[in-house]
Amino acid sequence: MTMRIKDFYPDRSGWLVIMAMGLGLVSCSRSAEICYYQLSAMTRETTATAADISLNKVQPAVIGIGPVRLPEYLQRPQLVTRLDSNRLQLTDGHRWAEPLADNITRVIRENLTLLLENNRLHRYPWQRSLAVDRQLIIDIMHFEGDGDRSVQLVAVWQIKNGQGEVLLPPKRSSFQVPYPSLNYSGQTGALSETLSLFCREVAEELRLVDEQMTR
């Protein structure tokens, strides 16, 4: 006995409804595409054209970068936008491609390697057998867009020597960078720029610390 579709769905309108539901599910699955983002490091070209800050080459001290600590609200894959002092927006369709603390630490290392002309920088945690001369410890307080076409970075950081003695007491740095395009790619680029500005400040302090240590 041959069964036909209309034997199961005598009412053709019912069959059309099911087909429409199926097409709707396909459409929803396409609209749920997730975009992934990464922070970017400075390039030699951008460093060379930054005439406002001039850094001299420092002695090649072994520098440890980290730990870099983030507040709980930033320890998640979604990009975060601050709507006001008490409200945050997490966009599930726009996510970091890796843990944010790892991305920040790597970019800081790349930036400082370029600024200091020093390849002897290591990310936390480093091997116990590695003796570092300087350790940069960073607590990120804010690192997000503010919903008004700008982003902010607020960090408290300090420099210690290899024995854990404080060479530079905790210092608070704050940077705000606008971005022209109302999209998450522009926001991520602006966040990368705040890290560039932060690293310039850190590099200058590392140079001053080294000068004091060699007197």
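I began at Thr105, which lies in helix H4. Helices here are DSSP runs of H or I with at least four residues, strands are E runs of at least two, and both are numbered from the N terminus. The model is a predicted one, so I kept to its limits: local features need pLDDT of at least 70, side-chain atom pairs count only at pLDDT 80 or more, and totals for chains, interfaces and linings use all residues. Residues are numbered from 1 along each chain as its sequence is written, and side-chain values use heavy atoms, with hydrogens and water left out.

Is Thr105 buried or exposed? Thr105 is buried, because its relative accessible area is 8%; the cut-offs are under 20% for buried, over 50% for exposed and partly exposed in between, with a 1.4 Å probe and protein chains only. I then listed what Thr105 touches, not counting residues up to four places away in sequence: Ile65, Val68 and Arg123. Contact here means heavy atoms within 4.5 Å.

Leu116 also lies in H4. Its relative accessible area is 2%, so Leu116 is buried. I checked Leu116 against Leu206, 90 residues apart along the chain, and found their C-alpha atoms separated by 8.9 Å.

**The whole chain**

I counted five helices and eight strands in the protein chain. Along the sequence the pattern reads α-α-β-α-β-β-β-α-β-β-β-β-α. Of the 215 residues in the chain, 40% are buried. For contacts between residues at least 6 apart in sequence, 68% join residues at least 24 apart.

**The core**

Which of its 45 residues touch the most other members? They are Ile108, Leu112 and Phe143. Elements that each supply at least two residues of this core include helix H4 (100–116), strand E2 (63–69), strand E6 (134–145) and helix H5 (184–213). H5 gives the largest share of the core, 10 residues.

Leaving aside neighbours within four places in sequence, Leu112 is in contact with Ile65, Glu117, Leu121, Leu136, Cys199, Val202 and Ala203.

Ala41 lies in the loop between strand E1 (35–37) and helix H3 (44–48). It counts as partly exposed because its relative accessibility is 22%. Beyond residues up to four places away in sequence, Ala41 touches Val107, Glu110 and Asn111.

**Helix H5**

Does the span of H5 agree or disagree with its residue count? At 1.5 Å a residue, its 30 residues should span 44 Å, and the end C-alpha atoms are 43 Å apart, which agrees. The expected span is 1.5 Å times one less than the number of residues. At the N-terminal end, Asn183 caps H5, with a side-chain oxygen 3.2 Å from the backbone nitrogen of Ser185.

**Rings**

How many aromatic pairs does the structure hold? I found two aromatic pairs. Rings of Phe, Tyr and Trp (its six-membered ring) pair if their centres lie within 6.5 Å; planes under 30 degrees apart count as stacked, over 60 as edge-to-face and the rest as tilted.

Tyr124 and Trp126 are edge-to-face, 5.6 Å centre to centre with 85° between the planes. Tyr124 counts as partly exposed, because its relative accessibility is 45%. Trp157 and Phe198 are also edge-to-face, at 5.8 Å centre to centre and 85° between the planes. This pair links distant parts of the chain, with Trp157 in strand E7 and Phe198 in helix H5, 41 residues apart. Both Trp157 and Phe198 are buried.

I also noted Arg82, whose charged end sits over the ring of Tyr73, 5.5 Å from its centre. The test is NZ of Lys or CZ of Arg within 6 Å of the ring centre and within 35 degrees of the ring normal.

A cis peptide bond joins Gly66 and Pro67, with omega about 5°; Pro67 is in strand E2. The peptide bond from Tyr124 to Pro125 is cis as well, with omega near -5°. Pro125 sits in the loop between strand E5 (121–123) and E6.

Last, I looked at Glu117, in the loop between H4 and E5. Glu117 has a positive phi of about 50° although it is not a glycine.

Conventions:
Core = buried A, V, L, I, M, F, W, Y, C linked by side-chain atoms within 4.5 Å. Polar contact = N/O pair within 3.5 Å; in protein donor to acceptor, adjacent residues only side chain to side chain.
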